[in-house]
Every structure is written in structure tokens, then in C-alpha cells.
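Subject: A structure for you to explore

Hello! Keep it open while you read.

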Amino acid sequence: MNIIGMIAGEFKLKESQVADTVALIDEGNTIPFIARYRKEATGGLSDEILRDMDERLTYLRNLQERKDEVTRLIDEQGKLTDELRQQIEEAEVLQRVEDLYKPYKKKKATRASKAKEKGLEPLALIFMGQEEAGAPQEIAVPFVDPEKGVDTAEDAVAGACDIIAEMISDDPDITAAVREKTFETAAIVTEAADPEEKTVYDMYYDHSEPVKSIPNHRVLAINRGEKEKKLKVKVSTDAEKMEELIAGRVVKDGGSQFEGLLRETVADAYKRLMAPSAEREIRNALTERAEAEAVKVFAKNTEKLLMVPPVKGARIISIDPGYRTGCKVAVLNETGKLLAYTTVFPTEPKKDIKGTEAVLGKLADKFRINTIVIGNGTASRETEEVVADFIRKSGRDIHYTIVNEAGASVYSASKLATEEYPDLDVTVRGAMSLGRRLQDPLAELVKIPTKSIGVGQYQHDINQTLLENALDNVVEDCVNRVGVELNTASPSLLAHVAGINMGIARNIVDYREKNGAFKKRGELKKVPKLGDKTFAQCAGFIRISGGDEPLDGTSVHPESYGVAGSMMKKLGIDRDELRKGGIPDIDERIWAAYGEDEAGKQKDSRSGSGKMRAKSFADLKAISKELSQGDKKPKRNMKKAIEKMAADLDVGVPTLSDIVAEMKKPGRDPREDAPPVVFRNDVRSFDDLEVGMEMDGTVRNVVDFGAFVDIGVKNDGLVHISQMSDRFIKHPMDVVSVGDTVKVRIISIDREKQKVGLTMKLKQGGKA
């Protein structure tokens, strides 16, 4: 099996490109490292495509291993033919390999195996051949043997039919045809385990839906209902049509004296052996498909949540709302340091609003607070009303926002939180976590088990290994995309840097505490268990601000420092310029040194013409200005200029382009491109809502059937997928992502269940 060729075809890539990428993976390189620092080899493939390719590579290699094993097992039985070997080798999916192996697989005692022990297999082959003359019972007479338990011809015929039934059910082509037909024509049918009981599964109490079109989220809902013993589920098929399909492959055209016998055997084979198997396979296939989609949705949502931009300069009062035990308050400075903590009781039963306002006022004045953060859990909206009223009455320049507190309690009671803040109460740790989620979401959320973040659907019902692997990949990609400040990062954050595990992360922090701040990236090699290979993987994602080497504050990998130094020398860049915020005019310098207009006329400092030769950076700037002035300015071909510089420096164009981008804005945070956090200074209650009302909201979660939007009331409103756009969309993620700010209009209100239906289909002028 040509795995490289198969992957190249599926991903529409060159075989050499795939081969180079696979070689990098096999060498033990991490996906973030390959995606960022081996673009010449991969052709600039993204981390997402690389992970898909790695997953496919693993599947195909496992497939090949299984093919080899099945071939060996059949060969050991002396039953491997050239035709069967070829069929196994040509199989493109694991299911096909298992279908081909099924007739040779050792089984527990069956009706067919017992009949074979009685010597009835030759009789079964006669019936299947449909050639011999005579009635089946007449042909069966010679096989009667009371000593073997075959007392009559009827016994012999029955035993032969059992063998035929198993032969039919083991036939790989018939099995594949039945499986395909079942998927195309069957229906998932559900009913209530107890019709009198009211549950969240009411809609499935008398429900039927085609297998081929049932949405993934309904598959998972039905599975959960069945697991909780609230639903009974079955796959309904047209047995007669299935039997006819099988008979068409078993009974010879034109019929024979064996036709009636064989059709009865086909019916038995389908109902007793094939239908139950097909139902299991269909259910498993639907579940696998639904789980894969759920994991994909969860991963995308998690990525968006992790990449929410940090709010810099926020001095925060963070409130973890509650009722009986009050609202826990933590005060944080701009860096997330805990300044003070207390408890207030603005909600039932105490409802001490005046006392709460007094505490908030004192804290706001003493610590120059500009932001209040409120968790979105129990008592959130009641607390929000008090906070909004406090801001309005006090006239202070303070805004507030609601943050998702999912997982905060998991973190606050964790071993990690205990190690970080051994002297603080669990509730104070939780309030701190909420505030820090605003200041730097990524750094704080990596401390929480990712499936506890709460931005998916049915995450506790699906394959946990599949989910955890996908989410670990997302966290790793996000952390490495952003980069980590070596001298301030927690072990939790460092552990997600490419090549670094939690043990090495703790060693880094221990080294930092004993020896002081790192001055250079190379110092990492002194950390126990952090060798050259690990350093190569992690170094480019580590940042050292204010260190001895200005390039250490960028994503330029140490292996490229020589190239970067040569480029800086050629372009007249002083290393101190990097410390002061980068080289915003680096394109001008490159153009002056290597540029040419679209006609191909050389206009650079190396042309040898004398007129355009530059002796200093001042000359370069002057040349660049001259080239860009005039009535007929030549259109710059920066791509060609970069290519020329790359050739001059003997480096790949992708690597050089990345270095240039870093020089322009060292350590740029990609989260800057994400939508900003929405702040408020007012609040609305559920009673204020009316159908037709328009408002801005923040997308909190995206699922298969729509998106949940925070519109400032206790429960998020739902924008169903049908209400997202006037055009057809396959998935809500085609339109929205977690964290997006969207304009919505209320189309339905269920005051009893506190549910709000929303639409995003607003025509010009705000009218639907």
C-alpha cells in the first residue's frame, strides 16, 4: 500500500511534500514545530492540516498492520489464495479487511460449526451449487448418520441450511451490500421506556428518522436517553427487501429445485445473523460520526475561547456569585496579583445591597478599579443587577463584563490550585480564576481540564480519549501560536509548549526560582532533563522580554539567528531597534535593497549602477523614497524582493518571510485579531424582553443546531441554524464563532421556561 501516495491524493499535495512531512513526524518533531519552523519541507501546511494528515497517517499504518496480520492468519490456515491476498491488499478501509477475514475467523460454537462437525458441509455446498438433480431431501439421504446425530434426511437438510446461512452472513460482498442498503433505507425508531414519565426526551417518545439523514446531535441525544433507560431504540428495516437483495446474490437466475430452500435460508441468515449485526454496525457508525463531529465542534469552540484577546491594564474586582454563602470577591492588579479578598451578600437570603455597594466603593477607590468581572453561574444576574446599579449611582468610570465560569470550581479544588495558593480558601481561588480569565484567558484556562470549559455538546457522553486528544492538540496549538513568556509563565502554561511536559515545566520554574530570571533562551539547556532535542522543539515558542538577546523576545528560532543577523546587517538594522518595538519600515528597507518594478528593472542598492548604490541606512531610505515617488510609481513586487533576499542569504523564502514579519512587530500576539471583550454598564431583566426587540449579544457556545447568545439576561438565547442566514449553511460555525458579537432580534419568549428564541436574519433598516 502506497501510504504516501494515498495521503497526497486525499489532501491534494505533492508526494515529495507528504514524504518530507511524514519524515519530520517520524523523527519525533511536534506538530507546532513542524508547522512554524519547517515550512520549506511542508509547503507551509497549517497545524490543522498537519494534525489531520498525522491522524490519517496513523490510520493507514494501522490498516496496513491489520492487513499483514489478517494475511498471515489466513495463510497459517492454508486458505490464502492469490485472489484473496489481492482483495485484502486493495482494501481501503479497516471494515473491508474485517469483512474479508470474517469467514476465516475462529468462532465460538455455532449451529453451523456443529453441523460441519456432523459432516454436512459437502451437502451445503451441493445446495449452494444448485447443479445436482433431485429433491433436497433425496440428496440428503447419504448424509444421514445417527452416530453423528443426523437421524433423518430432514436433520441433514436443516444442518446444511445452518451452514449456508453462516456462509451467506460471512460473505464479504453480501455483508457490504446489506450494510450499505441498511444505511440508505433504514430508520432509527425510538419510543419511551415509560410513556407516563416526563423527561427531557419527550420529543423522542414516538420518533422515527432515516438513518442516512439523522443529525449528529440527535444521535447523541438518543444515545444518552437510551443509556439513562428513558428510551428504547432500534433500527427498522424492510426485511423483505433485504432478503430479496441477498437472494439475488445467492439464488441462480431461472430458479431450481433448491430455490425455495435457499430463500428460507436467506431469510434465516438475515433475521438471525445479519440484521442484528447490521444494526450494531449502523448504530456504531452513527455514534462514531456524531462523536467525531462533536469533538470537532468542541475543539473549534475551545480554540476560539482560548484565543480571546487578553484585557490589558484591567484592575479588577472579580465576583463569584452565590446565594446563601454570599458572593466571593477577589481584587487583582494589572498582572493578576491578588490584592485583597472578601465576601458580600447582595442576593437572597441576606440581600445586603447597601453593604455590598459600600464594600465595592471602598475597594474601587483604594485599588483604582476600572473593571468588575462577574461569573455567569448561580446568582449571576441578580449580582449583575446590583453591580450595574452601583456603577450607575456612583458615577465611577467602571465597566463590567460577564465571564464563563465553567470549570472554575474544578480548578479551585484541584491539586494544582492548592500548590499555587496553599493559604487561600477554595472559593477565593475560584474568584481569582474568573478575574484572570479576563486578563489572560489562555494562561488561566490551561489550568482547567479542557472538557470542563463547557463550550461543546454532550462532551461527557462521547469517547473521552478521542475528546481529550483533540482538546490537548487545540491547547498546544493555541499556546504555541501565542508564545509563552519564560520568566512569568506557570508550569501549567509551560507544559503545553512544544516538546515540554509537566515534569520539565516544573524543572524550568524550579530553575527560575533558584537562579533568577532567564537572560537567554540558551540557558534552558541547563534545566534538568531539557536536552538539545527538547530545546529545538520549544525554543521558538519561548519569549524572553528584556533579555540579553533581543531576538529571544520574538518567534525567530535560535537556529535562524545567523540568518537574522545577516539580514539585519544588510538592511542596516541595529539590534537595539528590536528592543524598542521592532522595525515598522522593514519593507521599505527590503525594497530599497532588493526591489524591482513589475517590468523587472532592478532598483536596489546592489545594482552596481552607482546612482542607486547605498552606503548607509540613510541612503536606503532615500532610495526607497525616490523609487516610490513620481507620477508613474512602479508597482512593488515585494514577493520577488523577498525571494532575492532569501537567495542572497541562502535561506528558504517561508523562513525569511516569518523573520521579516517578526522584525516588523516582535512578539506580536495573534489574539489581537480576535473580537474584543464586550463590556457593559447597564443590565436588563427577563421581564424587559419583548418579541421584536433588537440587541447586540456575545456568542457563548456553538453547537450543531445553532448558537447560544448572551443578551444580558439569566439564560442565553438560542439562534437556531435556520435563523442564522438567508442562504443555506451546513453548520453554524460557517457563520459564527465563540466570542463573536452579533446583532439579534427576539422572535420568541417562553417565560415559564425562561427561554428566548433569536434570529440573526435582519434586513436593512433593522426590519425582518
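**What turned up**

Let us start with Lys529, which sits in the loop between helix H24 (502-515) and helix H25 (532-538). Helices (H or I, at least four residues) and strands (E, at least two) are DSSP runs, numbered from the N terminus. Please keep in mind that this is a predicted model, in which local features need pLDDT of at least 70 and side-chain atom pairs count only at pLDDT 80 or more, while totals for chains, interfaces and linings use all residues. Residues are numbered from 1 along each chain as its sequence is written, and side-chain values use heavy atoms, with hydrogens and water left out.

Back to Lys529: its phi is near 70°, a positive value in a residue other than glycine. Lys529 is also exposed, with a relative accessible area of 73%. For these words, buried means under 20% relative accessible area, exposed means over 50%, and partly exposed is in between (1.4 Å probe, protein chains only). Asp650 has a positive phi too, near 55°, and is likewise a residue other than glycine. Look for Asp650 in the loop between helix H30 (638-649) and helix H31 (653-664), where it is exposed at 72% relative accessible area.

One more backbone detail is the cis peptide bond that joins Glu348 and Pro349, with omega about 5°. Pro349 belongs to the loop between strand S6 (338-344) and helix H16 (353-366).

**The whole chain**

The chain has 768 residues, and 48% of them are buried. Its secondary structure comes to 31 helices and 15 strands, and its C-alpha atoms fill a box of roughly 105 × 80 × 60 Å, taken along the principal axes. Contact means heavy atoms within 4.5 Å; of the contacts with a separation of 6 or more, 65% are between residues 24 or more positions apart. The accessible surface comes to about 37800 Å², and carbon and sulfur atoms own 48% of it. Accessible areas come from the Shrake-Rupley method with a 1.4 Å probe, and for residues only the protein chains shown count as cover.

**Salt bridges**

How many salt bridges does a search of the whole structure find? The search finds 48, a salt bridge being a side-chain nitrogen of Lys or Arg within 4 Å of a carboxyl oxygen of Asp or Glu. One of them pairs Asp477 with Arg51, their closest N and O atoms being 2.8 Å apart. Asp477 lies in helix H22 (residues 464-482) and Arg51 in helix H5, so this pair ties together parts that are 426 residues apart in sequence. Is Asp477 buried or exposed? Asp477 is buried, at 9% relative accessible area, and Arg51 is buried at 15%.

Glu357, Asp389, Arg392 and Lys393 are linked in a network of salt bridges. In it, Lys393 meets Glu357 at 2.9 Å, N to O. Lys393 lies in helix H17 (residues 380-394) and Glu357 in helix H16, so the two tie together parts that are 36 residues apart in sequence. Glu357 is buried, with a relative accessible area of 15%. Arg392 and Asp389 meet at 2.3 Å, N to O; being 3 residues apart in helix H17, they are separated by about one helical turn. Arg392 is exposed at 58%, whereas Asp389 is partly exposed at 26%.

Patches are made of residues with over 30% relative accessible area and no salt bridge: like charges are joined within 9 Å, and nonpolar side chains (Val, Leu, Ile, Met, Phe, Trp, Tyr) within 5 Å. Glu65, Asp68, Glu89, Glu90 and Glu92 form a patch of negative charge. Helix H5 (47-76) and helix H6 (82-90) are the elements that give two or more residues to this negative patch. Asp68 belongs to helix H5 and is partly exposed, with a relative accessible area of 45%. Asp and Glu count as negative and Lys and Arg as positive, while His and the chain ends are not counted; the place of a charge is taken as NZ of Lys, CZ of Arg, CG of Asp or CD of Glu.

There is a nonpolar patch as well, of about 220 Å², made by Tyr59, Val93 and Leu94. Val93 is in the loop between H6 and helix H7 (94-101) and is partly exposed, at 41%.

Enjoy exploring!
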